[in-house]
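User: I would like to learn how to read the surroundings of ligands, the arrangement of domains and the packing of helices in a model of this kind. Could you take me through them one by one?

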Amino acid sequence: MRTVGNFIAGRTQPALEGGSLENLNPATGECIARIPDSGPADVDQAVAAAREAFPDWSARPVADRMERLERLAGLIQANAEELAALESEDTGKPRRLAREIDMQRAEANLRFFARAMSQWSSAGHDMGPTGFNYTRREPLGPVALITPWNLPLYLLTWKLGPALVTGNTVVAKPSELTPLTADALARLANEAGLPAGVFNLVHGLGARCGQALVDHPDIKAVSFTGGTVTGRRIAQSTAPRLIKLSLELGGKNPALVFDDADLDRTVAGLLRAGFTNQGQVCLCSSRFLIHESIYEPLVERLVEAVKGLKVGDPEDEDNTQGALISAAHRDKVLGYIDQARQDGGRILCGGEATRPTGRCQDGAFVLPTLIADLPPESRLHREEIFGPVVTLQRFSSEEEAIALANDVDYGLAATVWTEGLSRAHRVAGRLQSGIVWVNNWLVRDLRTPFGGVKASGLGREGGHWSLEFFTEPKNVFINGD
Ligand SMILES: NC(=O)C1=CN([C@@H]2O[C@H](COP(=O)(O)OP(=O)(O)OC[C@H]3O[C@@H](n4cnc5c(N)ncnc54)[C@H](O)[C@@H]3O)[C@@H](O)[C@H]2O)C=CC1
Ligand SMILES: O=C(O)/C=C/C=C(\O)C(=O)O
């Protein structure tokens, strides 16, 4: 079994009070590591290290920071297989998915932001003979990055890249459920030549370690991805200090399938949108809204396709579906399926836990599930389940589809399936959603704004939005004579 430590000022160390937490592999139920149960004293030490490293790191030439981040990206690439194995063990996701999605994106995130910095410019405002204004973009200081368990290294690097390249120093807190790739990244950070204290890592529970981090008076900004309840709590905690906050939160994302959709493309797309990573991506479509004229044939094809998904041991390269993040989360998801039955829903496929044979028989597996005929007010249409569960609804007009899509508290990512160009533009314009994909799902261009509206978050990350978040603009006026 591994022992994971906090990474502070370039060194690995246990929690100062000595406590530790179990880290389980959700596919087997086995304990695979012990991690520090960090508290305010550990956080204080990590923030002090970040504060101490800030003057040197922020004063370095941009090219120096870009080069070190590129080196770190190269080390992720070189160690991708080992990192994918760790990620899969820690999350229960198929190793193949961890390799093909998580590790590729972790590398791409760091390369993208290192290179984006070379194209970033600041504004100038010419007042003619009176003078000239130029805008400096200054780093903030030590910043907190708090990340969830569904895409651990993917989301940590998504925040780390822009934070570091703009000259900030970092204290990161990964989810207590998935510490392993962050721990590995810390070692690679030393190898890549990140100076001590530039990147620090504290492990532990959200309510103790995470809360101490967001409450720390020297933290100048918090970038958080996770559940909406936690996001709201962080917003309340940081509000009195008026620090910058970026919140990427949950979703209840609709897929709108119109009667002119290409059904082959739609079935393949909905399968990915509904069930990638066992439905544990904030962008997953969890409500399929289908035009009544194609409802029966499309649903028949979807049921067949979903039944064809292979659930089981994440190490088996043939499996597309692994375990959910924990037994507790599996039970929460199963609770929603029970609720669906009570609400009169019809389970078209799945609807239960499964026990793969062999080493995974005690794992947290749930069969991919489609549920029809729920009443409109059912909680399953409204609440984020964050598992392999999709509800189906019919609509008879474009107006009704848009109304159903918008009738939830969330507004993160919608998909629209149609061959009609005008309809695609019209509907995209009316959806209350930070992101709309037409005839596809999770095509990511890292230059684009990423984030949600309503209960799905606050602010945008990606491209220059991330670079702006991690810097403060300062206007300098130079007199004209
Ligand atoms: N990106 C997303 O949309 C995600 C959504 N979720 C949703 O949230 C639900 C709950 O999952 P959790 O693991 O509890 O997510 P969470 O939002 O509580 O955890 C995310 C991160 O925040 C930290 N955290 C928790 N409380 C904190 C606090 N008071 N201050 C600072 N940091 C804190 C956690 O330790 C973790 O690192 C899931 O069932 C799912 O519906 C969960 C993970 C990702
Ligand atoms: O940036 C992406 O491509 C995906 C981000 C996903 C999340 O933020 C999430 O699932 O929490």
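User: By class, how many nonpolar, polar and charged residues does the shell around ligand 2 have?

Analyst: Please keep in mind that this is a predicted model. To read a shell, one lists the residues around the ligand and then sorts them by class; here the shell around ligand 2 has 8 nonpolar, 2 polar and 2 charged residues. The residues in question are P148, N150, L151, L155, W158, T225, E248, V281, C282, L283, R444 and F450.

User: Which domains does the shell around ligand 2 draw at least three residues from?

Analyst: Here one sets the list of residues against the domain bounds. The shell draws at least three residues from domain 1 (2-249 + 456-479) and likewise at least three from domain 2 (253-445).

User: How many residues of domain 1 are in contact with domain 2, and how many of domain 2 with domain 1?

Analyst: A contact between domains is read from both sides, and in this chain 18 residues of domain 1 are in contact with 24 residues of domain 2. On the side of domain 1 that touches domain 2, α3 and α4 (95-116) each supply at least two residues, with α4 giving the most, 3 residues. The residues of that side divide into 7 nonpolar, 7 polar and 4 charged. As for the separation of the domains, their C-alpha centres lie 30 Å apart.

User: At roughly what angle do the axes of helix α3 and helix α6 cross?

Analyst: For a pair of helices one considers both the approach of the axes and the angle between them: the axes of α3 (residues 80-91) and α6 (residues 180-192) come within 8 Å and cross at roughly 150°. Because of that angle, α3 is roughly antiparallel to α6. In this pair, L83, L86, E87, E89 and D90 of α3 meet L180, T181 and A184 of α6, and by class the contact has 4 nonpolar, 1 polar and 3 charged residues.

Definitions and conventions:
Residues are numbered from 1 along each chain as its sequence is written. Chains are lettered from A and ligands numbered from 1 in the order in which they are written. This is a predicted model: local features need pLDDT of at least 70, side-chain atom pairs count only at pLDDT 80 or more; totals for chains, interfaces and linings use all residues. A residue is near a molecule or strand if its C-beta atom, placed from the backbone, lies within 6 Å of it. Ala, Val, Leu, Ile, Met, Phe, Trp, Tyr, Cys and Pro count as nonpolar, Asp, Glu, Lys and Arg as charged, and the others, Gly among them, as polar. Domain bounds come from an automatic or database domain assignment. Axes are lines fitted to C-alpha atoms, for helices over the stretch in contact, and angles run from 0 to 180 degrees between N-to-C directions. Helices (H or I, at least four residues) and strands (E, at least two) are DSSP runs, numbered from the N terminus. Angles under 35 degrees count as roughly parallel, over 145 as roughly antiparallel, 65 to 115 as roughly perpendicular and the rest as oblique. Two residues are in contact if their C-beta atoms, placed from the backbone, lie within 7 Å.
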